[in-house]
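Please look over this note alongside the model. The points below cover side-chain pairings and where they sit.

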Amino acid sequence: MQKKNILIFLTVLFLHTVNAQHNSLTDGKLYNGIRLKDLAGKCEDYTVIKESVPLLSSTSVLIDKTIYTAYIIQDSVKNIGFSRSSDGGKTWESASFGESLNAEDPTSVSLFDISGRNRKRSSSREMILFTGGKPLKSSIATPGTEFPELAPVNFFGSYRITSLLKSNNGKLFAVFHDDGRFIHSNENNNIRRSVIYTISSDDGGKTWTLPEVAVRHNQYGLYDAVIFENSNKKERELIMIASERVSGTAYISFNKENGGNWSYPVALPDFIQGDRFSVTMINKTLYIAYRDLCRYFRDGTINPFFGDLVMWTGDLKELVKGRKNGLKVRIADNYPQDSAPDFTDLRVFDCGYPTIIPVSKNRLSITAYGRWDSQEPPYVKSFIINTELLK
């Protein structure tokens, strides 16, 4: 027994030493001019849902202090599952929102809060669920009640609704990308570059317009666009961040007209290389969570955060000007390995679609799916970060 205890102690000591050495190589290092910090294993993390089959494409929303998370259960037929937490992401329980969502075989799932956005029922608490595929479908429910059967938004399809906002005139507008897979146009058929589309609704999400091109790039395809409001401006300004997947370069675009006439997308500094963004602003500080797609630092060394769940936080004004500022942290190590990542192994970067939710004045909850255990199929976790750690 004594030898066994000594062996356990030495093993724990070795792992602690390896982890400390790894952190010493990353903490404080400049990542293309930006300071790094490794919080993997240091922030609170809680399992939202784990199954014997992969769980994909998670999405979360906060309504009345309860976090609702939807995800795809990738069994023989893809189904939609739900979990909820009433304590800021620490404990989770299964939530049933109706059998009508079963056997839909969706390509993705997206969940948004539309509370108070229906003009006829301004005080209602409602959330809208989109499922990707052809056609794109949606359903609206009050928390605690069942979703009605999913209904086609229109005849067109979409892989994933990535963002939803309300305009000043009361309309909802949603954002997605397409490269001709679901929406055929002369541009897409000839060039095959992904562009960002918007659709809008003036009846609280019941009916939607046909897609209109919001943002396109002359050379690159744009994906995974997310929209947020600039709280630093007296006049409302909307900002869109999208990704070019080959290099992971992020592009930014601006709008002051309730979702119409976006500016031409401009590349952000290369310390943000990734996709599947989630954005929030707290006290004029910007937080962007995403999947890291940077393979190498400028000095040629491998980026230890590649394929992992990361977050950049800093000043929006400085970011827009292209100035190096802020801090980049690793939230969680996806598909943890002892050796350098094999870039040809898709499991190395099979994670993402995070949702950042401020759950208190100085705490963020980030839900995302990933291969958090290299011996398990992907599952969904909630990571709770004290913003004091981001200084």
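1. K381 is buried, because its relative accessibility is 12% (buried means under 20% relative accessible area, exposed over 50%, partly exposed in between; 1.4 Å probe, protein chains only). K381 forms a salt bridge with D45, with 2.9 Å between the closest N and O atoms. A salt bridge here is a side-chain nitrogen of Lys or Arg within 4 Å of a carboxyl oxygen of Asp or Glu. The pair links distant parts of the chain: K381 is in strand 26 (residues 379-386) and D45 in strand 3 (residues 44-49), 336 residues apart. D45 counts as partly exposed, at 34% relative accessibility.

2. A word on the basis. This is a predicted model: local features need pLDDT of at least 70, side-chain atom pairs count only at pLDDT 80 or more, and totals for chains, interfaces and linings use all residues. Residues are numbered from 1 along each chain as its sequence is written, and side-chain values use heavy atoms, with hydrogens and water left out. Helices (H or I, at least four residues) and strands (E, at least two) are DSSP runs, numbered from the N terminus.

3. The structure holds 18 salt bridges. One of them joins R236 and E229, at 3.2 Å from N to O. R236 is buried at 18% relative accessibility. E229 is partly exposed at 39%.

4. Where does R298 lie? It is in the loop between strand 21 (285-292) and strand 22 (309-315). R298 counts as exposed because its relative accessibility is 54%. Leaving aside neighbours within four places in sequence, R298 is in contact with N32, D270 and K324 (contact means heavy atoms within 4.5 Å). R298 and N32 are 266 residues apart in sequence, yet 6.3 Å apart in space, C-alpha to C-alpha.

5. The side chains of D270 and R298 meet in a salt bridge of 2.9 Å, N to O. D270 lies in the loop between strand 19 (266-267) and strand 20 (274-282), and R298 in the loop between strand 21 and strand 22, so the pair ties together parts 28 residues apart in sequence. D270 counts as partly exposed, at 31% relative accessibility.

6. Salt bridges that share partners join D38, D308, R330 and D333 into one network. D38 lies in strand 2 (residues 34-38). It is buried, with a relative accessible area of 1%. The D38 side chain also reaches the backbone nitrogen of A40 at 3.0 Å.

7. How many aromatic pairs does a search of the whole structure find? It finds 17. Rings of Phe, Tyr and Trp (its six-membered ring) pair if their centres lie within 6.5 Å; planes under 30 degrees apart count as stacked, over 60 as edge-to-face and the rest as tilted. F112 and F130 form an edge-to-face pair, 6.3 Å centre to centre with 65° between the planes. F112 lies in strand 8 (residues 109-113) and F130 in strand 9 (residues 127-131), so the pair ties together parts 18 residues apart in sequence. Both F112 and F130 are buried. Elsewhere, ring pairs link Y68, F82, F97 and F147 into a cluster.

8. Charges over rings deserve a look. The criterion is NZ of Lys or CZ of Arg within 6 Å of the ring centre and within 35 degrees of the ring normal. The charged end of K50 sits over the ring of Y379, 4.5 Å from its centre. R295 lies over the face of F343, at 5.3 Å from the ring centre.

Technical notes
A polar contact is a pair of N or O atoms within 3.5 Å; within protein, one must be able to donate a hydrogen and the other to accept it, and residues adjacent in sequence count only if both atoms are side-chain atoms.
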